[in-house]
Amino acid sequence: MSEKEPQNILKGVQHVILILSGKGGVGKSTMTTQLALSLVQAGKTVGVLDVDLCGPSIPRMLNLENNDVHQCSEGWIPVYTDPSKKLGVMSIGFLLQNRDDAVIWRGPKKNAMIKQFLTDVVWGSLDYLLIDTPPGTSDEHITVVENVKNVNPDGAILVTTPQGVALSDVRKELSFCRKTGIPILGIVENMSGFVCPNCTECTNVFSTGGGESLAKLCSVPFLGRVPLDPRLTQCVEEGKSFAEVYHDTPAQKAMTDIVDKLLVQS
Amino acid sequence: MRHACARGPMEIAKKSDVLIGYAAAVGCPAESCEAGKAGVCQGCPGRELCLQQQGGVDEDQKYINVRMKAIKKKILVLSGKGGVGKSTVAACLGMALAKLNTKVGILDLDICGPSIPKLLAVEGQAVVNSQYGWTPLRSPHSEVKVMSVGCLLGESDSPVVWRGPRKSSLIKQFLKDTFWGRLDYLIFDTPPGTSDEHLTVVKMLLNVKPEGAILVTTPQDVALATIRKEISFCRKMSLNIIGIVGNMASYVCPCCKEESPIFTDDGGVQSLCNEYSIPFLGTVPLDPVTSIKHFLTGSGDVL
């Protein structure tokens, strides 16, 4: 296989978006998969690249576990969710013999794998390529940014939850984006409020409003606030689009607003 | 299903071949006895670290052994998955143990997202470098000693954007240079994943016989899937698993006091423990103040 560069292999991709956080467990992968499904529902062709090598969640969230990766003469073919090929996925999850196998790699090995994901996966023509990242600002992030900078990514969506420990990590992630020249598309505040199914009172499990305040403070767009909804978790675990299954819920409205803002921005 | 690019025959990328062939192509024998010694290691930034940690003479190991021998029990808090409450569990465990009149320290190994200083209210305090080493900070909560990269950075928004070898060096420095003194418990809070930080700390600690690891998870399937990998990591590294804590099991509504599941919970954590024969330390609802003793009761005997 000849030497490849991301800008060649990704030339058919119209919009490249990174999903970042800094903090773990705020819902990056959930946001990535639900955004992808909503974009497909809006008629777009989407690819999802999962560069979380230690904890690859995307295959499970899109009901694609136990699928094989096919190779052709030009590289690896993404795993598609259905024959329409509107949504393709690549993740190390598809390459493990056993899903319980841990990927215990030091940085240099992770870097090489991520570079291979960016140069050897034949996405073809896509409207959107969403890149889901692990928490932190380390090898994976440096390698992804180094390799996608030349393809003029649209930018990064930062996901946070409202509480202080999450916000301080996201502020660092904002600094990381600014230092590396990645545009910031906006901040999503996830798990913002929980509607008790018993008394329907909305309480702030992790407080609320922190993401919006941070967006104002740092002069970046605020994309929306998604409340905690156990039905969203259920959809994620079943690989379904929450916006499609549950209409007229606060979480669905929030997701739809975020997608609309994204479509307008691009 | 054929792909547009497939002018020739398609074949399934054999999983073992892809990863083994890929590893051979990359030439990274980090997990084998050839780590640091193979030809492909020349020029790799992680080479020194690998050489030190693969049976070669590690000058730092003897200093780390001396520091750790003054500490009775060393416990790692692991997860694999981010955001499940490792730091919260580590902090609450530390404070609860300190309330039992024991001397406790917490070492925060999460270099990119250090949460422990905020949780233990030591933000803004400066680390003093004494003749005995770095003096850990003291939390107002039960005098728990704390060391974290967050203490060295202050409240700066500047991210720590380091590749693996540099993070590993800092972790070794924490282990070697922090003057904990005599402690009953030293709790290690770790970042999510199974990478440089985890490999470094486990390899350094195995010489000084840690008690083991407490694994923290939330009830959803996606978190349990990652915990399985963490169990696999612990077994591969010969690290004892003290038990598993199921965090955020439910939410107690402050209005009606009804407990509702925030994430789907069908007893997955308990089943996982049964499957792997690992002690189940208990579940903690989203109300840690009243519930931390809930899981301590389960872990008190083993600790």
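Guide: Start where Leu78(B) stands opposite Leu215(B) in β9(B). That spot belongs to a parallel pairing: β2 (residues 71–78) and β9 (residues 212–217) of chain B are joined by four bridges. Strands here are DSSP runs of E, at least two residues, and helices are runs of H or I, at least four residues, numbered from the N terminus; two strands pair if DSSP finds at least two bridges between them.

Keep in mind that this is a predicted model, where local features need pLDDT of at least 70, side-chain atom pairs count only at pLDDT 80 or more, and totals for chains, interfaces and linings use all residues. Residues are numbered from 1 along each chain as its sequence is written, chains are lettered from A and ligands numbered from 1 in the order written, and side-chain values use heavy atoms, leaving out hydrogens and water.

Zoom out, and the sheet in chain B is open, with eight strands in mixed pairing, ordered β6-β7-β3-β8-β2-β9-β10-β13. Its edges are β6 (137–138) and β13 (280–284) of chain B, each pairing on one side only.

Now the helices. In chain B, α4 (residues 86–99) lies across β2, β3 (104–108), β8 (183–189), β9 and β10 (241–247), at about 170 degrees to β8(B). Helix α10 (residues 268–276) of chain B lies across β9, β10 and β13, at about 165 degrees to β10(B). Those angles run from 0 to 180 degrees between N-to-C directions, using lines fitted to C-alpha atoms, for helices over the stretch in contact, where contact means heavy atoms within 4.5 Å.

Back at the β6 end, the loop between β6 and β7 (145–148) of chain B holds Ser142(B), which has a positive phi of about 60 degrees although it isn't a glycine.
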